[in-house]
Amino acid sequence: MKIATFNINGIKARINALPDWLDEAQPDVAVLQEIKSVDDAFPRDIFEERGYNVETHGQKSFNGVAILSKRPLEDVRRGLPGDAADEQARWIEALVMGDQHPIRICGLYLPNGNPCPGPKYDYKLAWMERMYRRAEELLAEEIPTMMAGDYNIIPQPEDAKRPEAWKDDALFRPESRAAFRKILNLGFTDAFRARNQLPEQFSFWDYQAGAWNRNDGIRIDHLLLSPQAADHLTDCKIDVDIRGREKPSDHVPVWVELDI
C-alpha cells in the first residue's frame, strides 16, 4: 500500500497540479493538508472519478485536511480530541483495510506557532500535548497506525539547509522539538529517517528569496508509524521534483510503501 502526505496549500490553487500528481504517483491513500475549503466546496468529483473515496474536514479560507483513498474509509473521525472549543480543522482519521491488515491513518496539520512566544505558540504546544494523548490511545489499540502530515516541526539540524536561521522560530524551538520527540518516544518511527539518513532532504521551500533554486529548504512533513505499521515499512521517499513544476505548492509529497 502506498500512502502519501501532501500539503497542497489550497485546493483551488492546486486544482490541476494535484490531479496530475495523483495520476502519476498513484498512491492508494493521499492525506492532504491546507485544503482551504469548506467541505461542501471541495471538488470531490475530480478525485472520485479517479477511484478515490473522499473524506474532508474543511474550514473556510484556512487550514483543512482530507483523506483520499482507493480503498474504503471506515470509522472516520474529525477533529483532535481534548478541546471541544477548538474549531480549527487540523485532524482527520480513518480506518483503511489493507490486503492483510487494517491501518488507522491520521492526517494532521499541526499549528505553525509563530510568532513566539505568544498565544499562537501556546496553542501549538497545547495541540501537541493533545496529539500525544491521542497517540497513546492509538497505540493501546495495537493495530497498525500512521500519523501523517505537515507537522511544522524541524526535528534535527540536518533537516534544514540553514538551521541557524530557524533557531528562534516556532518550528525549531527546543520546546517544539521536545514535544515531537515525546511523541516519537512512545514508540513511533519517523518513516523517512528509517530509510534515509542523508542531510538536505527537504519537503518545504518558501516561495520567497529563491529558496527552491538554492535548495534552502526544511523537512517538516512527516509520517510516523506505530510499531505494528513500522514492521511493514518497505520504502519512504520525497517527490522533490514536484516543487519545480508549474504552480507548485511550497510543500512536496512524502510517501511510504507498506507491505500490509
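How many nonpolar, polar and charged residues does the lining of the largest pocket have? The lining has eight nonpolar, seven polar and seven charged residues. Ala, Val, Leu, Ile, Met, Phe, Trp, Tyr, Cys and Pro count as nonpolar, Asp, Glu, Lys and Arg as charged, and the others, Gly among them, as polar.

This is a predicted model, where local features need pLDDT of at least 70 and side-chain atom pairs pLDDT 80 or more, while totals for chains, interfaces and linings use all residues. Residues are numbered from 1 along each chain as its sequence is written, and side-chain values use heavy atoms, without hydrogens and water.

**Largest pocket.** Select Tyr109, Pro111, Asn112, Gly113 and Asn152, which lie nearest its centre among 22 lining residues. A pocket is an open set of points on a 1 Å grid over the protein atoms alone where a 1.4 Å probe fits, with protein on both sides within 12 Å along at least five of seven lines; lining residues have an atom within 4 Å of a point.

**Second largest pocket.** Next select Asn16, Ala17, Leu18, Glu246 and Lys247, nearest the centre of this pocket. Helix H1 (residues 17–25) gives the largest share of the lining, four residues. Helices (H or I, at least four residues) and strands (E, at least two) are DSSP runs, numbered from the N terminus.

**Sheet.** Now show the six strands of the open, mixed sheet, in the order E3-E4-E2-E1-E12-E11. Strands pair if DSSP finds at least two bridges between them. Strand E3 (53–57) and strand E11 (233–238) are at the edges with a single partner strand each, so one side of each has no neighbour in the sheet. E3 pairs with strand E4 (residues 65–69) in the antiparallel sense over five bridges.
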